[in-house]
Amino acid sequence: MSIDWYLAVSAIVFSLGALGVMTRRNPLVVLLCLELMLNGANLALIAFSRMWGNGDGQILAIVVMTVAACEVCIGLGMIVALYRRRLPIDVDELRELQG
Amino acid sequence: MSAVLFFIAAIGVIAGAVGVVVMRNPFFSVLALVCHLIFLAVLFLLLRAEFVAAVQVVVYAGAVMVLYVFVVAYVGGEGESIGERLHGVGNRSRPPGGGSALRVGGAAVGGALLVELMIALLGTGLEATGGDGAPYSPGPRTYGTPAFIGKLLLTRFLLAFELASFLLLIAAVGGVVLARRRGGLEEDDDRAALTPLDLLRPRGTGTTAEGVGRMTLGAGDGGGGGGGGVASGYRS
């Protein structure tokens, strides 16, 4: 299969993730959709890496996975802290920073 | 064979992504994401990225998703579907200014993003993306194998490797601080039992006993050491 097809799949996955981030309001699902966006970017990186035939894109994809793991760690910690303080698990109702 | 495998995996990837977005229950969203990640690993294999595919399955679909499943089981969270979000049905307290129009706008922006990405990636007609990629010959140290990735990580990308490990350390410390129990446990009798080690250890050293609110010396008096003051200050 040519690289084009992989890039198309990656664009679809990234857009679906962005759609989820903008429309869902459960922060857990928002984090999951962020993972989708990172995975779409990863697929594009690895497709480009295959296109060039060197490993730079794969290394960048591994670094993106690391950053995603850090993001999950902090994000889930925040959700657990919200739950412990009896705050609503809902990004629409957590509006204190909006001023 | 490769084309068939590609289409199966691509359909799995996109179906998993749709499942993450539309599932009502967050638990099913997590399961859809696991399915998505496994099919994505198949796509990585088709792109000859063997090591990244293995990492994807073991670390991502294995470890990270287990973390998600734990938090979903712990927090729960009421279900919501994208349909009623888009139509603004079944919301108990709608914030001012944010309505179903915002949701429709979000969907429109998502669609516009897809069109734009498609134009940027495919519509430009770059010749290189039309091909099958660089020539590839199987071997123990060729493109995509663990030896190849390891050599790159420890030579050319050593700085990125070290920075990533440092970032992981920071995230681990941050996760422990965020998820620490701040309220403390119920009063119990064995709280007053002091061991000689407690007298030697200064306050605020971050022990597990302090984390669960079981202060070592004079629990709950609020004064004194910094650790005790911080932990009791968060008591809700």
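1. Conventions. Residues are numbered from 1 along each chain as its sequence is written, while chains are lettered from A and ligands numbered from 1 in the order in which they are written. As this is a predicted model, local features need a pLDDT of at least 70 and side-chain atom pairs count only at pLDDT 80 or more, whereas totals for chains, interfaces and linings use all residues.

2. Confidence in the complex and in chain A. The predictor gives the complex an ipTM of 0.92 and a pTM of 0.76. Helix H3 of chain A (residues 56-84) has the lowest confidence, with a mean of 90, and helix H2 of chain A (residues 27-52) has the highest, at 92.

3. Confidence in chain B. The mean pLDDT of chain B is 77, with 66% of its residues reaching 70 or more. Over residues 89-97 of chain B pLDDT stays under 50, and the model has 6 contacts beyond four places in sequence for them; two residues are in contact if their C-beta atoms, placed from the backbone, lie within 7 Å. Residues 218-236 of chain B also stay under 50, and for these the model has 28 such contacts. Where pLDDT is low, the predicted coordinates should not be read in detail.

4. The build of chain A. Chain A has 3 helices and 0 strands, where helices (H or I, at least four residues) and strands (E, at least two) are DSSP runs, numbered from the N terminus. The order of its elements from the N terminus is α-α-α. Its radius of gyration is 17 Å, well over the 13 Å that the globule rule gives for 99 residues, so chain A is more spread out than a compact globule; the radius is taken over C-alpha atoms, and the rule is 2.2 Å times the number of residues to the power 0.38. Along the principal axes, the C-alpha atoms of chain A fill a box of roughly 50 × 25 × 20 Å.

5. Packing inside chain A. H2(A) and H3(A) pack at an angle of about 175°, with their axes 9 Å apart; axes are lines fitted to C-alpha atoms, for helices over the stretch in contact, and angles run from 0 to 180 degrees between N-to-C directions. H2(A) is therefore roughly antiparallel to H3(A) (angles under 35 degrees count as roughly parallel, over 145 as roughly antiparallel, 65 to 115 as roughly perpendicular and the rest as oblique). Among the residues that make this contact are A:Leu31, A:Leu38 and A:Leu45 of H2(A), and A:Ala61, A:Val64 and A:Ala68 of H3(A). By class, the contact has 15 nonpolar, 5 polar and 3 charged residues, with Ala, Val, Leu, Ile, Met, Phe, Trp, Tyr, Cys and Pro counted as nonpolar, Asp, Glu, Lys and Arg as charged, and the others, Gly among them, as polar.

6. The interface as a whole. In total, 74 residues of chain B are in contact with 64 residues of chain A. H5(B) supplies the largest share of the side of chain B that touches chain A, namely 11 residues. The residues on that side divide into 54 nonpolar, 15 polar and 5 charged.

7. Residues meeting here include A:Met65, A:Val72 and A:Tyr83 in H3(A), and B:Val59, B:Leu67 and B:Tyr74 in H3(B); the contact has 18 nonpolar, 1 polar and no charged residues. H2(A) and H1(B) pack at an angle of about 155°, with their axes 9 Å apart, which makes H2(A) roughly antiparallel to H1(B). In this second pair A:Leu32, A:Cys33 and A:Leu36 meet B:Ala17, B:Val20 and B:Val21, and the contact comprises 6 nonpolar, no polar and no charged residues.

Definitions and conventions
pLDDT = per-residue confidence, 0-100.
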